Amino acid sequence: ELPIINGSGDTGETIHPTKTGKLTIINFWGTWCGPCVKELPYFEQIAEEYGEQVAVIAIHSASVSETAPDYIAENYADSPLIFSWETENIDGISGPYYIQLGGLGSYPYTIVLDENGVIVKIFYSSVHYEDLKAVVDEHLK
């Protein structure tokens, strides 16, 4: 399980990103990654639009994760996004979730899991709202 964070840091709550029991979007990002920061509003929009049907989890990279709480507090204080971070740094940037879920060393990286935790879509680079919405709509039928 990974810690859930907010602008104050670790909330004491945890989440198992692959075991939410619903369609789950996991976005691996970092405050240091321009494209990652640029696409976060798309994930927030999906989380707002689909509410209880879809879990949207933004997992900060293991690199410079200390910048995440301030960034989240400033930009996403009241967001329905679930923010977390990799707690173990394996290669200077990536953590075990990123690697186990198919990350290839570049950010952003996004996967969509069905309600059973099976990967149904992978985005190896930046994603747009329309792409996310299409995948969500296809799997919520």
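Author: This is a predicted model. Let's begin with helix α4 (residues 129-139), which lies across β3, β4, β6 (109-113) and β7 and runs at about 175 degrees to β7.

Reader: Why are β2 and β7 called edge strands?
Author: The open sheet has seven strands in the order β2-β1-β5-β4-β3-β6-β7, with mixed pairing. β2 (9-15) and β7 (119-123) each have a single partner strand, so one side of each lacks a neighbour in the sheet.

Reader: How do you know that β1 and β2 pair?
Author: Pairing needs at least two bridges, and four join β1 (residues 2-6) to β2, so they count as paired; they run antiparallel. L2 stands opposite I15 in β2. The two strands form a hairpin, with two residues between them.

Reader: Which strands does helix α2 touch?
Author: Helix α2 (residues 68-75) packs on the sheet, touching β1, β2, β3 (23-29), β4 (54-60) and β5 (82-85). Its direction makes about 45 degrees with that of β1.

Note on methods: Residues are numbered from 1 along each chain as its sequence is written. This is a predicted model: local features need pLDDT of at least 70, side-chain atom pairs count only at pLDDT 80 or more; totals for chains, interfaces and linings use all residues. Side-chain values use heavy atoms; hydrogens and water are left out. Contact means heavy atoms within 4.5 Å. Axes are lines fitted to C-alpha atoms, for helices over the stretch in contact, and angles run from 0 to 180 degrees between N-to-C directions.
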